[in-house]
Amino acid sequence: MTPKYVPILKAKKGELDAYKNLPRSVQLNALPVFELPTLTSKMLETTYAGVGNPREAFINRCSSSLSDSIKVPVVGIDIHSWAPDSTIENGEHILSTFSSCLKTLGCEVIPVIGYDRWEDGAYSTVLKLLAQSNDRFILRLDSFAFEDMVEEELFLETIEDIVTAMGVDTGKCSVILDFGDVSKDSIIDIQSQVDTALSLLEEYHFNFVSIAGCSITSDINGMVPKKNSTGLVVRKEFKVWKSVKTFNPNLKFVFGDYGIANPNVSDGTIAPDANGKIRHTTSESYFVVRGYSRRQGEKGGQMHGLCQTLISSEYFRDPSFSWGDGMINKCANHEKVNGRVFVGNPTSWVAIDTSHHMTFVTQEVLEFEKSTASAGHFFAAKIDI
């Protein structure tokens, strides 16, 4: 079955808590790609201090948390944040370790092939080995691939090398057109690159092609410059997907994004002065509610007011819309969670925002595809007449 939504998420607590609280209907319509987070120096000094095999222990822990959070067994996995030749302490490649850990826990995994990493000998070797026991892969094309598409032959040579070397059936595999941070890109340029990619990939007959992009900036100032105010951020990746689907309703072109987290923010980033904020997904946009530094004023308590601002706006639907919306309502009304008035922390707000986002996007995609299908039937009927 072709998914309706392919989000790229970090296998971290915030995203996993969101996924764990998604309705089964939303999970069934999504094929998430979970990226293995990096093992930071702080973790090595604290959580894994004195552990002889910290990398292996870290991957086991991430795999266990991921397995506990999903209600459906199939997930895509990637090691995008790691060096392509990274290994655990015994020399086993981390992609192989991540894959085997999840399989042991009962998950069916679809490994990601990074176009930008294929030339690394260790990386391509482990993928060829994985192809002996996996028949489904996701080919992730990023800026390196888009640059190579300018010289058509170079791009196609690399694709052919990947397909031939791994011996994969492209009809069982899929592609992600990964645009990363698109906050400063134009919709026209993104769509032009999508059109080029779809044209070049057409002869390979992949199961489906997905877009991925993120209009959320890494810095709140890029979205809402003024403290204690709100702003709307256009979801460029969705507008591009919608445009392509409008003119090609039968094309197996699937929507995907990075949820509500900018992909350029590294796992080890420490932001003690991070502003209180809510990134609330709405039709083709994010409604962003900004507060101020969590070390000033009411600190975390500012979230009560930010939630009240959101609930009073035209963009809040209903507390029952998603788990995240229910938590926003609790915070706005100073309700207790686990015996304490809920204000949350940055990680819990990633979970809350992601929960609403994934629920909203899935519904948005389903409704749009239904409307385009209806329009297509109507148009066909008019022609028959």
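Visitor: How many residues has helix α10, and what does it reach from its first C-alpha to its last?
Guide: This is a predicted model, in which local features need pLDDT of at least 70, side-chain atom pairs count only at pLDDT 80 or more, and totals for chains, interfaces and linings use all residues. Residues are numbered from 1 along each chain as its sequence is written, and side-chain values use heavy atoms, with hydrogens and water left out. Helix α10 (residues 236–247) has 12 residues and reaches 17 Å, close to the 16 Å expected at 1.5 Å a residue. The expected span is 1.5 Å times one less than the number of residues; helices (H or I, at least four residues) and strands (E, at least two) are DSSP runs, numbered from the N terminus.

Visitor: Which residues of α10 are buried?
Guide: They are K236, E237, F238, V240, W241, V244 and K245. Buried means under 20% relative accessible area, exposed over 50%, and partly exposed in between (1.4 Å probe, protein chains only).

Visitor: Turning to H304, is it buried or exposed?
Guide: H304 counts as buried because its relative accessibility is 10%. Its place is in helix α11 (residues 302–312).

Visitor: What does H304 touch?
Guide: Not counting residues up to four places away in sequence, H304 touches C331, A332, H334, V341, F342 and V343, where contact means heavy atoms within 4.5 Å. A polar atom of the H304 side chain lies 2.7 Å from the backbone oxygen of C331.

Visitor: Where is N338 found?
Guide: N338 is in the loop between β12 (336–337) and β13 (340–341). Although not a glycine, N338 has a positive phi of about 55 degrees.

Technical notes: A polar contact is a pair of N or O atoms within 3.5 Å; within protein, one must be able to donate a hydrogen and the other to accept it, and residues adjacent in sequence count only if both atoms are side-chain atoms.
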